[in-house]
Amino acid sequence: DGCGHTVLGPESGTLASINYPRTSPNSTVCEWEIRVKPGQRVQLKFGDFDIDDSDSCHSSYLRVHNGIGPNRTEIGKYCGFGFQMDGLITSKSNEVTVQFMSGIHTSGRGFLAAYSTTDKSDLITCLDNASHFSEPEFNKYCPAGCVIPFADISGTIPHGYRDSSSLCMAGVHAGVVSNTLGGQINVVISKGIPYYESSLANNVTSEVGPLSTSLFTFKTSGCYGTLGMESGVIPDSHITSSSILEWPNQTGQVNIWKPENARLKRIGPPWAAFISDEHQWLQIDLNKEKKITGIITTGSTLAEHYYYVSAYRILYSDDAQKWTVYREPGMDKDKIFQGNTELYQEVRNNFIPPIIARFFRINPVKWHQKIAMKVELLGCQFSIGRAPKITLPPPPQNKNDEKNADFMDDFIHSVKTSLQTDKTTFTPEIKNTTVTPSVTKDVALAAVLVPVLVMVFTTLILILVCAWHWRNRKKKTEGTYDLPYWDRAGWWKGMKQFLPTKSAEHEETPVRYSSSEISHLRPREVPTLLQTESAEYAQPLVGGIVGTLHQRSTFKPEEGKEASYADLDPYNSPIQEVYHAYAEPVPVTGPEYATPIIMDMSSHPSTPLGAPSISTFKAAGNQAPPLVGTCNKLLSRTDSASSAQALYDIPKGQLGPGSANQLLYQVPQSMAHPTGSKDEQN
């Protein structure tokens, strides 16, 4: 009465003490006899061991023996709380006896162990999970019997299982291994996801799970694609049943729940049997032999008709005449598959090993209210390869030919043998889990790099476009005569080096005015003569106030209404100080002041012949600009007898104003100009 969870398979199995993982009752005993194929040996591995050792293994212990019966020999006797057993316990034959004895005790969970044949060197127990292994991918052998009530899993395929899930129990849920037989699993570890779904498959229910740092999936070489019920590849005529439910609704219309309605995820009513008993069936013709690895079922999916099948058998045939009931290897009973527990949820069951057949039948054995269901089959194509046609040589003519013929026969026999060793043409590898970590890294890297590169290039393009628009807008907002706000003079100096250079004569020679030439000309011709001389100032950007501005003058007229000669009449204008705004002088080694603006006053009736034109300079700062001109007396712009005047230095190298035909003027001196009478000025 001390035996707990026990599954003894032909090559592996699981055994546990009663009430594990809770404390086992006092004074109980259990004995397991394990047999494997002759010529093999048994290995035993403990997943958990916690047996009271207060009396030094006298009344509570676990004992392992070689052999079965009275001739068995003891391998070892074990007890202890939290006992850690390194390695495996290996038998000397194909038979082992495990004996558990529970005496008087108050604590201790008991034990859980797994066994297999010794050729399964990577054996694990049902309690191992992914967090126990550090490798990103590994192979392990799961024993039979790992669907245990005290373990749990979270997740499903193809998304993966939470890392806290039991590896072997998840393998059963995924359809990778059989709970009755056990088997090899290929586990891949990858990054966890925020949420793990719940599902029912192979009599294992996975629970909803929260976020985890990692998850695991399984790599398989099986085939798990749909075979055409949902997609319609299987025609309606190939779906038949034992009976059809027909019934009128409230309006008198007859509803027929035909077998072709039994397509998974098809909107509308399902297939339903007219009579609900164990003799009903739903049959699917696949048109040719297929490799069938699983089935998915649902109930009616109609809330007003709460019908579903909770258990069923599977039958298969090649001719639809002789039927075989599906059984697991080594079992002498028909396998009963768990069906639905409600009408909406999809429930999956896998066939290990797969079914090879053309005709497939579902035989319900349990149901809720009425037999009604929708179905999809999983699997892939299956075909038998044919050996290529071999052309034989002509019959031998002599002994040498006979030897050659013998050699040819041996060769043909070897070819046929090699061709017949594997008659199955396997389909390409179809994985029901996520891709391997290497592929996942490449896909993740591409998924990250492509958006980042697109964002970088988009940002660069936007920056260039914005800079171009800002530059154009800045050009539009700057005035015609204004330079940029930064270091106007310095900016012009920097730009001047990119302009065409002038000759050395213009750079070093100041402006010269010939008084002898001016005296022989009429007053209107004086400005024209001065204009022909070279000056070091730039041409204004627009038409100016006075038409006699030199070609390279940089004077900026006042804003507002354009002036004229009539407006600048010094005799008729009221008392009004009008000054012009000037641009900065061109920073060169030549003269530091602009060429005077020469105003022709010879046409005024009160102006004597030879009177000079008026020239104005804008002084630095807020001082009023002085008036400058030729050596003759300057006229004020107002009628007042006293005004600001500018004096010129004596021509360089001359005794007086008229002592030479050609005068060289120095730069005007910035000084305070006295006011006085006309006689004093003369």
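User: Is E11 buried, partly exposed or exposed, and what is its relative accessible area?
Analyst: This is a predicted model, in which local features need pLDDT of at least 70 and side-chain atom pairs count only at pLDDT 80 or more, while totals for chains, interfaces and linings use all residues. Residues are numbered from 1 along each chain as its sequence is written, and side-chain values use heavy atoms, with hydrogens and water left out. Buried means under 20% relative accessible area, exposed over 50% and partly exposed in between, with a 1.4 Å probe and protein chains only. On that scale E11 is partly exposed, its relative accessible area being 26%.

User: Which residue does E11 meet in a salt bridge with an N to O distance of 3.6 Å?
Analyst: A salt bridge places a side-chain nitrogen of Lys or Arg within 4 Å of a carboxyl oxygen of Asp or Glu. The partner of E11 at 3.6 Å, N to O, is K120. Because E11 lies in the loop between β1 (3-8) and β2 (12-17), and the partner in the loop between β9 (110-117) and β10 (137-142), the pair ties together parts 109 residues apart in sequence; helices (H or I, at least four residues) and strands (E, at least two) are DSSP runs, numbered from the N terminus. The partner is buried, at 13% relative accessible area, and is K120.
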